Amino acid sequence: MKILDFRNTLSSLCVLATLSSSAWAGDSVTVPGYAPVTGVERSYRVQKATESDMSLWFDASGAASVITRGEFRQRMTVVSRDDKGMRVRWSLSADLPDGIAGAVDTYQMNPLYRNSLTAYGVGALEMETDLNGFPNSLFGVDQILANMRRMATNGPDGALAPPQSGVYDIIDRIQENPLQIVTVLTPEAQLLATGQAYQDEAMEVGKALTASRNEDYGGVSVPVASNWLLQSTDVPKHTATLSVVDEYDPDAFRQSQQGAIDKFLGAFGERLKSLTADQLTSVKRASKTRRAEFVVSLSDGSVIEALETVTVISAGSTFHTYTHIRREDAPAVLQVPAILTAADLRVPKLKIEPLSPAGAAPGIPGLPSISQASTTISQEPSTVTSNDAEKSIAPVWLEVKSAQVLKASNGYGYELEVVLTPDSGEAFQKFTQAAIGRQTQVLIDDKVVIEPWIREPIMGSRLTLTGSDMTALRAMAEKLSISGAKILVRTRS
């Protein structure tokens, strides 16, 4: 290693020396693609906490700082796996594990989570995932919705929940996107998948790998820049430690939060009058940052420990969310924030009444069998809506302006980014507006490559197809780069 490189990395290596006995900056390490053993149940210890600071809006400093936390033991089994994806079962529990720090009543998330399991009527979720373990389809959605409707019907004292009830809002959102159930009940699946690769990835210690993506917030597209780093490896433990920092575009994120900021400021009208000019400027800003670390097995590519911190600043308030996941057959490596482990922690005294089950037993009985692998590169499942009974929508041919293969926004896999001509972009927007609530098909060279459900009009002139097979994506890019190349978009019959 060069003298200059040594000087530049000396300070970081002093820190990494406690974690690594093998890798120096510039060394190349192959992080294997996720290849779990099927039929083996893995147990995970999960610690969570949220912290909000609204002290700007109150006279007493720290008076509005609120902390909630929870600790869980969740179990996951990869039921089956092929070259298209996996079928995974998560067994869920709201019980506090043995050996927790602090009093039981300082873990308010556990009774809240127990009520969520009761409301959804499940004790397990079974799903299909991508090759890195990210959920893309969920079984038993109809039974969950039926249970929630029964819960709404049998409200307090047997009263029928009003149509504007929050329960019905949740039902509507689930019908629009069933994967919201996974986000609520098993976010661990999504976090673990973020650190797991579709296929083998060669990385250099200390060399950043950058990626970008867009996330939708209430109709506002927010650009997100990701910076991945292989921090270290540990030869005896046969692991690698990776990190990622997600930076959300501040202007776009502020725009996405503008409605909420305005409502918040309206609620604190009197306090607003006493703020200084600098404070007034700060309360109109908004930002979001996500930092995560992953300890990945160099044997099968699985994440055996993950630590994530999400920070949101909006309307003069700061909100932190902490999540730590550790597979229980592996020792802890990452430095966990004290808020997750403190025995003496000030938390609000909450009285959480347990929900009464609506006659649903734990688990999802009668799960359907795995569907045959489709020819799509990726697809987003959803429930069928009444729009499927409407009149047919004419297919549209879209002319391609350019096509290129890029690194996937999550750092693993690849994306085919297709840019349409302006006229075709407008035609695509009109098509998606007419097809809201329906499943569509995108065909390239007479082959179906994606079957997305349309939840809202797609603005702009870009299409992105994600996959792990770079060769297949490049072949499509070559075909679409020919002058006059077109894509066919139609509703699925």
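This is a predicted model: local features need pLDDT of at least 70, side-chain atom pairs count only at pLDDT 80 or more; totals for chains, interfaces and linings use all residues.

Reader: What makes aspartate 246 and arginine 213 a salt bridge?

Author: Their closest N and O atoms are 3.0 Å apart, and the cut-off is within 4 Å, so the pair qualifies. Aspartate 246 sits in strand β10 (residues 239-248) and arginine 213 in strand β8 (residues 209-217), so this pair links distant parts of the chain, 33 residues apart.

Reader: Why is aspartate 246 called buried?

Author: Its relative accessibility is 2%. Buried means under 20%, so aspartate 246 counts as buried.

Reader: How do you know that arginine 327 is buried, and what does its side chain meet?

Author: Arginine 327 has a relative accessible area of 11%, which is again under 20%, so the label is buried. Its side chain meets that of aspartate 329 in a salt bridge, at 2.8 Å from N to O.

Reader: What about lysine 430 and glutamate 426: why is one called exposed and the other partly exposed?

Author: Exposed means over 50%, and lysine 430 has 53%, so lysine 430 is exposed. Elsewhere, salt bridges that share partners join Arg213, Glu215, Asp246, Arg290 and Glu308 into one network. The structure holds 17 salt bridges.

Reader: Where is alanine 435, and what makes it buried?

Author: Alanine 435 is in the loop between α11 and β16 (440-444). Its relative accessibility is 0%, which is under 20%, so alanine 435 is buried. Leaving aside neighbours within four places in sequence, alanine 435 is in contact with Ile393, Thr440, Ile454 and Thr491. Threonine 491 is 56 residues away in sequence but 7.4 Å away in space, C-alpha to C-alpha.

Reader: Which residues touch the most other members of the largest nonpolar core?

Author: Of its 49 residues, those are Trp90, Tyr120, Leu125, Leu138, Ile181, Leu185 and Phe294. Helix α2 (residues 109-120) gives the largest share of this core, 5 residues. Apart from this core lies another, of 26 residues, among them Ala403, Val418, Leu473 and Met476.

Technical notes:
Residues are numbered from 1 along each chain as its sequence is written. Side-chain values use heavy atoms; hydrogens and water are left out. Helices (H or I, at least four residues) and strands (E, at least two) are DSSP runs, numbered from the N terminus. Buried means under 20% relative accessible area, exposed over 50%, partly exposed in between (1.4 Å probe, protein chains only). Contact means heavy atoms within 4.5 Å. A nonpolar core is a set of buried Ala, Val, Leu, Ile, Met, Phe, Trp, Tyr and Cys residues joined through side-chain atoms within 4.5 Å.
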